[in-house]
Amino acid sequence: MDFARFFQMASWQATLELAEINAPHGFMRYHRIDVTATMAGSASFWKATEYLMGNHTIAERMFRHDPSVMLHAPLRTLLYADVDGDTKLAVDQPSLLFASYGNPHIADVGRELDALLASLIMLLGGDVPQQLTTRESLAHQSEPRA
């Protein structure tokens, strides 16, 4: 995520267009934390990196209804090596997080994020959890994100 470039956009439409370029699969990386380095010297042995991943142009569609949604946007994700050395992805299910706000507009975006996350996992060659592939979530894959 190029914060400086997004800050230069003259309109929200320009921001939407830049987001489409920067997030061809729906998500941008906002921040990275090397958890392995943070835990250096401890008894913990895990290799892990945490990311804040999302898309502020999608988040805006929830933010307009309730600014507290930003507690969960961007999504916190963790890539880590399991005991066998296989790479795993851990992330909260967006639809569950955003349904908790009790607003159908916010919940709809949460389901859309489920579908985007499922698509990303599939694109990366991972096994998509069944919870992300409900008919309701997949229906949002083809909807515009503006």
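A polar contact is a pair of N or O atoms within 3.5 Å; within protein, one atom must be able to donate a hydrogen and the other to accept it, and residues adjacent in sequence count only if both atoms are side-chain atoms. The model shown is predicted: local features need pLDDT of at least 70, side-chain atom pairs count only at pLDDT 80 or more, and totals for chains, interfaces and linings use all residues. Residues are numbered from 1 along each chain as its sequence is written, and side-chain values use heavy atoms, with hydrogens and water left out.

**View 1. Helix α6 and its two ends.** Helices (H or I, at least four residues) and strands (E, at least two) are DSSP runs, numbered from the N terminus. At the start of α6, the backbone nitrogen of histidine 105 lies within 2.8 Å of a side-chain oxygen of asparagine 103. The 20 residues of α6 span 29 Å from the first C-alpha to the last, close to the expected 28 Å, where the expected span is 1.5 Å times one less than the number of residues. Of these 20 residues, 14 are buried, that is, under 20% relative accessible area with a 1.4 Å probe, protein chains only. After α6 comes glycine 125, with a positive phi near 85°.

**View 2. Glutamine 93 in its loop.** This residue lies between β4 and α5 (94–99). Glutamine 93 counts as buried because its relative accessibility is 18%. A polar atom of its side chain lies 3.1 Å from the backbone oxygen of glutamine 131. Leaving aside residues up to four places away in sequence, glutamine 93 touches Asp114, Gln131 and Leu132; contact means heavy atoms within 4.5 Å.

**View 3. The buried residues of helix α2 (residues 12–22).** These are Ala14, Thr15, Leu16, Leu18 and Ala19. They pack against α1 (3–7), β1 (28–34) and α4 (56–63).

**View 4. The largest pocket.** A pocket is an open set of points on a 1 Å grid over the protein atoms alone, with protein on both sides within 12 Å along at least five of seven lines; lining residues have an atom within 4 Å of a point. The largest pocket holds about 650 Å³ of space. Its lining comprises 22 residues, of which Leu79, Lys88, Leu89, Ile121 and Leu124 are the closest to the centre. Strand β4 gives the most to this lining, with four residues.

Technical notes. Buried means under 20% relative accessible area, exposed over 50%, partly exposed in between (1.4 Å probe, protein chains only). On a 1 Å grid over the protein atoms alone, a cavity is a set of points where a 1.4 Å probe fits but cannot get out, and a pocket is an open set with protein on both sides within 12 Å along at least five of seven lines; lining residues have an atom within 4 Å of a point. Grid points are joined across faces, edges and corners, and a volume is the space filled by probe spheres set on the points.
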